[in-house]
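This briefing covers a few local features of one protein chain. Please keep the sequence and the model at hand while reading.

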Amino acid sequence: MADKLVEWSPMLSNLLLCAVSLSSAVQTAPVNRGVAAGFLLQALAAGLVAASPLSPGLWPDADPRAGAWVATVVGFPLLAFGFHWCTNGHLMCAGCFIHLLADARLKEEQATCPNCRCEISKSLCCRNLAVEKAVSELPSECGFCLQQFPRSLLERHQKEECQDRVTQCKYKRIGCPWQGPFHELTAHEADCTHPSKTGNELMEILDGMDQTHKKEMQLYNSIFNLLSFEKIGYTEVQFRPYRTDDFITRLYYETPRFTVLNQTWVLKARVNDSERNPNLSCKRTLSFQLILKSKTNSPMECSFLLLKGPYDDVKINPVIYHFVFTNENNETEYVPLPIIDSVECNKLLAAKNINLRLFIFQIQK
């Protein structure tokens with residue numbers, strides 16, 4: 001019986017794909033006939049592949065997995081972000097959509113669809129729920145055991161059920177570095193040497209782990225200490241894009257002047273440390289500097305940090321910076337905006353303005 005299920009599972013998955021594609025075609029036909037035609041072609045391909053085991057002469061060289069071609073093209077992580085389509089019905093995954101918008105901002109151009117060159121923006125494009133639904137039902141291959149599962153069940157399988165998923169020894173807490181497939185975990189733990197180590201050996205391992213943990217806690221303790229300062233100020237800042245007047249212009253961002261702690265400030269930011277053509281780079285970073293615009297009677301020692309705005313979903317790790325502002329030295333060096341990766345950076349660059357929250361703590365002596 002189990003062999004029969006394995007034999008018939010490709011056919012069943014392709015029949016399901018055919019049904020979902022037909023349903024998507026019906027739903028999208030009133031909106032865009034071109035997209036509906038694409039769904040009909042996908043349904044036809046899936047139907048032919050599903051019928052090939054019953055009629056070998058219909059498609060003699062058919063690959064039983066050919067109906068799942070979309071699963072090969074569309075990676076699982078993209079499903080979490082959704083799909084967008086332009087006014088002519090061309091599909092883009094959210095990652096590519098955000099990247100196109102960011103590229104257009106960097107080049108100071110209007111973002112266009114890579115297929116038909118019509119204008120695209122967050123207001124002109126919308127998510128295609130029919131495609132998202134269809135993709136969620138497609139079979140996808142587990143990266144550990146290489147078996148196929150419906151895309152909607154793959155994440156649970158990889159985290160909880162797959163016998164080949166990467167796992168760690170339960171004695172990791174006392175320094176065991178072993179990593180391996182789940183089905184080897186029991187045998188490893190039975191032979192693991194860490195439980196039999198002496199107290200002195202374990203103390204050396206635990207001391208190293210304590211040092212790592214201590215560094216992680218220093219940041220949080222520093223923030224708690226800053227919150228006890230007498231003079232604390234914060235504000236929402238909005239970076240707007242500008243370009244230099246040089247022969248070869250460079251892109252930078254700047255905020256309007258704002259007041260914090262009874263002083264006037266400005267923030268500037270640049271992409272890839274003012275690289276000439278950041279749009280040609282796949283890896284993108286942002287750095288910023290804080291500038292004191294008003295005059296001070298005495299040196300002003302401050303700690304400051306930038307965090308995400310109240311309505312943004314960008315991921316920023318807090319980092320505390322320190323500087324002593326004087327009338328002669330009123331600009332900090334450019335320091336990294338601690339964004340997690342280039343995807344998060346593109347989210348900021350794709351927006352018309354970059355909205356963040358600035359905290360300044362004045363150190364009293």
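**Thr326 and its surroundings**

Leaving aside residues up to four places away in sequence, Thr326 touches Thr296 and Pro299. The model is a predicted one. The points below start with this threonine, then turn to a set of paired strands and a pair of helices.

- Thr326 sits in a loop, the one that runs between β14 (321-325) and β15 (335-336).
- At 2.9 Å, the side chain of Thr326 reaches a backbone atom, the nitrogen of Asn329.

**Strand pairing**

- β8, covering residues 231-243, pairs with β16, covering residues 354-362, in the antiparallel sense. Nine bridges make up the pairing of β8 and β16.
- Lys231 has Gln362 in β16 as its bridge partner.
- β8 also pairs with β9 (residues 251-254), again in the antiparallel sense, and here the bridges number four.
- Within β9, Leu251 is the residue that stands opposite Arg243.
- β9 in turn pairs with β11 (residues 263-271) over three bridges, and the sense is antiparallel.
- Tyr253 has its bridge partner in β11, namely Ala269.
- As background for reading these strands, side chains in a regular strand alternate between the two faces of the sheet.

**Packing of α5 and α10**

- Helix α5 (residues 94-107) packs with helix α10 (residues 342-350); their axes are 8 Å apart and the angle is about 55°.
- The two helices, α5 and α10, are therefore oblique to each other.
- The crossing in which α5 passes α10 is left-handed.
- From α5, the contact involves Ile98, His99, Leu101, Ala102, Arg105 and Leu106. These meet Asn346, Lys347, Leu349 and Ala350 of α10.
- By residue type, the contact of α5 with α10 has six nonpolar, two polar and two charged residues.

Definitions and conventions:
Residues are numbered from 1 along each chain as its sequence is written. This is a predicted model: local features need pLDDT of at least 70, side-chain atom pairs count only at pLDDT 80 or more; totals for chains, interfaces and linings use all residues. Side-chain values use heavy atoms; hydrogens and water are left out. A polar contact is a pair of N or O atoms within 3.5 Å; within protein, one must be able to donate a hydrogen and the other to accept it, and residues adjacent in sequence count only if both atoms are side-chain atoms. Contact means heavy atoms within 4.5 Å. Two strands pair if DSSP finds at least two bridges between them. Axes are lines fitted to C-alpha atoms, for helices over the stretch in contact, and angles run from 0 to 180 degrees between N-to-C directions. Angles under 35 degrees count as roughly parallel, over 145 as roughly antiparallel, 65 to 115 as roughly perpendicular and the rest as oblique. A crossing is left-handed if the near helix is turned anticlockwise from the far one by less than a right angle, and right-handed if clockwise. Ala, Val, Leu, Ile, Met, Phe, Trp, Tyr, Cys and Pro count as nonpolar, Asp, Glu, Lys and Arg as charged, and the others, Gly among them, as polar.
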